[in-house]
Amino acid sequence: MSELPEPRFLDERTAHWAAATPDAEAMDYFDRNWTWAQWNDRVRRLAGALKERGVKRGDVVSFLDKNHPACVELTLAAASLGAATAIINFRLAADELDYVLNDSDAKLLIVGAEFVPLIDKIRDDLVNIEHIITVTPEGGDDDEYEAMLAAATPVDRGEDVEPDDVCIIMYSSGTTGRPKGVELTQANLIAHTINAHEGFEFDEGDKNMVSMPLFHVGGSSYVQFGIHDGVPSVMTRDVDGAALAGAILKGANRTFLVPAVLAKVLESGPDAVKLFSALKTYGYGASPMPLPLLREALKAWPNTDFVQAYGLTELCGVISHLLPEAHRATDHPERLTSAGTLVPNAEVRVVDPDTLEDVPAGEQGELWFRSPQLMKGYHNRPDATAEAITPDGWFRTGDIGRVDDGGFIFVEDRLKDMIISGGENIYSIEVERVLAEHEAVVEVAVIGVPDEKWGEVVKAVVVVESAVGDVTEADLIAFARERLAAYKCPKTVDITDELPRNPTGKIMKKDLRKPHWEGRDRATV
């Protein structure tokens, strides 16, 4: 695999494996599976079907369903025509779907059967959609998508297609307002597959478990690793215990998931822990891994390689990674809380967000990255693109962090989540990490709330484990005071049953802040 030349186009690897290992397994989904020859034929037929329906270079098609191989097939097929696939979050409400589908300019929609009623509600408002094709998890004679493939004439990649053509439009989570469509090119996605590959290598006989939602960059970028290396992928429709267990029982032994999944496995008892010990690699990202949870996982699975991925949709996913050896190193235990080191072919700057000058080494500032993985821009948003990307190609992340003398990147906070109390900058992640060490704390979010004297002060909102016993606000404040400077400690703590999350699972701090800041100057975003 390492001897193969780097691909220039997204569909090159499926064509290669179809020729080199035509009868080897490529994709497994429920009770269906396809060889590389079969899967490549499906991609080529889908390209033909799209072309028959008028899809051409520069157009956009869209996909709305839970995880389904058809989403990957559509991405590859559309890219071979120079078109982009807008992968839509299936958790969106009708008015949100209306906005995203119209904003994407999609002219064709492939939609899962269970989401057709939702599309029916807004059908008259979808001004650009010319074709709607329904797909089912099981396939079969009544599946419109399968019928379309069966009737199509296969076509090869268009001669006018370029690596810089946009192949995926992925909408940001919208924590700061209406989501923006992130335009990722074929060259971007291929660069990510190659640069971020370390830690996600495959051995002979391995299978790749694809369970992260494909509307998330952690799903659509991750699936490319298996395709690139020619190993089978076992795709799950959902990210629940039964689906993950089923994939492992099918032989899947490498995966990428969010930390919350790991927590649920550990809570499920010794049988679940034993089953998940079959995983050779557990990649995690999209949200921080609480240090106590990570320590517990490292102890529970001593033979599993853990890889933390830090990145952003605008960078195709991973821009830095904490590799397996760093997870178990004893000489720098503080680096377990870091986001690791840069992937190859990437650069980082730490910049004062006010002066736009680099800060001294080791100090905190806004993290800027430059990489061939960087998006082409925000769809139909040139002003937002210009705000995010400097003229010399640096992406302004909005994350506050620092880089230590070994090149390890520490992400301290979101710029908009930073709390300024009496002139002191307080990074919410630092406070969250301390509170997460308390044995009763399951989840925690730290925000700033208004204060007449200090401008704003620290407030924590926590979910606690009832089995540990009664834990009070005073207990948690006292716990923090033993470990943090007084000005960083929460002045109040709310104990709640759950934290608000957006459709991608991120905690919505703006919802926590809103009741405290209504009618005041500070933004709630």
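This is a predicted model: local features need pLDDT of at least 70, side-chain atom pairs count only at pLDDT 80 or more; totals for chains, interfaces and linings use all residues.
**Notebook: cavities and helix pairs**

Starting with the lining of the second largest cavity: by class I get seven nonpolar, one polar and two charged residues.

**Stepping back to the cavity list**

How many cavities of 30 Å³ or more does the structure hold? I find three. The largest cavity has about 80 Å³ of space in it.

Around the largest cavity sit P7, F9, L10, R13, I190, T193, Q224, I227 and H228. Sorted by class, that lining comes out as five nonpolar, three polar and one charged.

Which helices each supply at least two residues of this lining? They are α7, running 186-195, and α9, running 223-229. The largest share is from α9, with three residues.

**Helix pair α2 and α3**

Moved on to packing. I looked up α2 (residues 36-52) against α3 (residues 69-80) and got an angle of about 60°, with the axes 8 Å apart. The two helices are therefore oblique to each other. Left-handed or right-handed crossing for α2 and α3? I logged it as right-handed.

Then the contact itself. On the α2 side I listed W39, R42, V43, R44, L46, A47 and L50. The α3 side brings P69, V72, E73, L74, L76, A77, A78 and S80. By class, the contact of α2 with α3 splits into 11 nonpolar, one polar and three charged residues.

**Helix pair α11 and α13**

The crossing of α11 past α13 is left-handed.

What meets what here? From α11 I have P259, L262, A263 and L266, and they meet L293, E296, A297 and A300 of α13. The class count for this contact is seven nonpolar, no polar and one charged.

**Side by side**

For my own reference, I set the two pairs next to each other. As for handedness, α2 and α3 cross right-handed, while α11 passes α13 left-handed.

Notes
Residues are numbered from 1 along each chain as its sequence is written. Side-chain values use heavy atoms; hydrogens and water are left out. On a 1 Å grid over the protein atoms alone, a cavity is a set of points where a 1.4 Å probe fits but cannot get out, and a pocket is an open set with protein on both sides within 12 Å along at least five of seven lines; lining residues have an atom within 4 Å of a point. Grid points are joined across faces, edges and corners, and a volume is the space filled by probe spheres set on the points. Helices (H or I, at least four residues) and strands (E, at least two) are DSSP runs, numbered from the N terminus. Ala, Val, Leu, Ile, Met, Phe, Trp, Tyr, Cys and Pro count as nonpolar, Asp, Glu, Lys and Arg as charged, and the others, Gly among them, as polar. A crossing is left-handed if the near helix is turned anticlockwise from the far one by less than a right angle, and right-handed if clockwise. Contact means heavy atoms within 4.5 Å. Axes are lines fitted to C-alpha atoms, for helices over the stretch in contact, and angles run from 0 to 180 degrees between N-to-C directions. Angles under 35 degrees count as roughly parallel, over 145 as roughly antiparallel, 65 to 115 as roughly perpendicular and the rest as oblique.
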